[in-house]
Amino acid sequence: MKISVIVPVYNLEKYIRQCLESVLNQTYRDLEILAVNDGSKDSSKEILDAYALKDPRITVLDKPNGGLSDARNCGMDHMTGEYVVFIDSDDVIDPDMVGHLLEAAEKTGSDIAVSDMEYFYEDGRTGYSDGGQFTCTNVRETPGLIAINNSACNKLFRSELFLDVRFPKGLWYEDLATIPILLCKAGSVVKVNEALYRYRQRSGSIINMTSVVGISGNAGQCNYAASKAGMIALAQSVAQEMGPKGIRVNTIAPGFIETAMTAALPEEVRQEWAKKIPLRRGGQVEDIANVATFLASDMSSYVTGQVIQVDGGMNM
């Protein structure tokens, strides 16, 4: 059974070899590796071309720079695998990642298989990210499933889930606008309790940049999917960037936009979710650690969050 592996690449000559080696060293061998060169200006394209000559499983797709979402979408336009995995080109994966996720998905008939993640830093530190506390379920049976870690990279997806879903071009934290929808579509989601994806934390990466919210002190706006992990990650990112500047943020004023994700859930599921998580409308959510709960309870797939500068401290 062929598995598509999509690797978007933009100016990552320093890391791309390590990433590709981890993919080529997978114990599961039937892979279609789609390396999408997103208009790189360094030697990334030359590195990709050299690897493609050495291993016929690699196909290099060249395109003008359009961002991570656009590069992933390009890969999906060319994929032929029954399942698909997304890997960022500065990260690495465990040799058994594809095999273990595929085995779990096939054994349970699941549309998505999820692993835990390990974070590793430039100074040698490591961290652990739980992919979620569940075994095999779906959003209808377990509404809280929608609030698991919304990274696209620690998951294996049945390719047909993407027939009418794409990553939104031009948005930061693009996973948050996509993964909750896929979780809702999945007949079941299975968890593999191993840290199979290694996520590199480096200065300049998207997760560590917060220009999206306006570092100068002006309020900024962007669309985000309802996600506990994503909103807390955003809050932490804002705190790290603004803290040294003496700016403190502890309030997000959300507004809601109806999208297909709300329609994808049965009314009884949304009602049950609302019972479990009290919804506060018409005001500000002052405890940023509870922002995700506030957002997820509305079951909207996009949330417009305006970060507001205040004098108080960060409530985390």
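**Exercise 1.** Which residues does Ser110 touch, not counting residues up to four places away in sequence?

*Solution.* Start with the contacts: Ser110 touches Tyr83, Ala105, Cys136, Arg158, Ser188, Val189 and Val190, leaving out residues up to four places away in sequence (contact means heavy atoms within 4.5 Å). Next, find its place: Ser110 sits in the loop between helix 4 (97-108) and strand 6 (112-121). Helices (H or I, at least four residues) and strands (E, at least two) are DSSP runs, numbered from the N terminus. Finally, check the cover: Ser110 counts as buried because its relative accessibility is 0% (buried means under 20% relative accessible area, with a 1.4 Å probe and protein chains only).

Before you go on, a word on the model: it's predicted, so local features need pLDDT of at least 70 and side-chain atom pairs count only at pLDDT 80 or more, while totals for chains, interfaces and linings use all residues. Residues are numbered from 1 along each chain as its sequence is written, and side-chain values use heavy atoms, with hydrogens and water left out.

**Exercise 2.** Work out how helix 1 and helix 2 pack.

*Solution.* Step one is the geometry: helix 1 (residues 16-24) and helix 2 (residues 44-54) pack at an angle of about 25 degrees, and their axes are 10 Å apart. Therefore helix 1 is roughly parallel to helix 2 (angles under 35 degrees count as roughly parallel; axes are lines fitted to C-alpha atoms, for helices over the stretch in contact, and angles run from 0 to 180 degrees between N-to-C directions). Step two is the contact itself: from helix 1, Ile16, Arg17, Leu20, Glu21 and Leu24 meet Ile47, Leu48 and Tyr51 of helix 2.

**Exercise 3.** Which residues of helix 2 are buried, and what do they pack against?

*Solution.* First, list them: Ser44, Ile47, Leu48 and Tyr51 are the buried residues of helix 2. They span an arc of only 100 degrees around the axis, so they lie on the same side of helix 2 (the arc is that of the directions from the helix axis to the C-beta atoms). Then look at the neighbours: these buried residues pack against strand 1 (3-9), helix 1, strand 2 (31-38) and strand 3 (58-63).

**Exercise 4.** How many residues of helix 3 are buried?

*Solution.* Count along helix 3 (residues 68-78): eight of its eleven residues are buried, so the helix is mostly covered. Among them are Ser69, Asp70 and Ala71. As for partners, the buried residues of helix 3 pack against strand 1, strand 2, strand 3 and strand 4 (83-86).

Methods: Angles under 35 degrees count as roughly parallel, over 145 as roughly antiparallel, 65 to 115 as roughly perpendicular and the rest as oblique. Buried means under 20% relative accessible area, exposed over 50%, partly exposed in between (1.4 Å probe, protein chains only).
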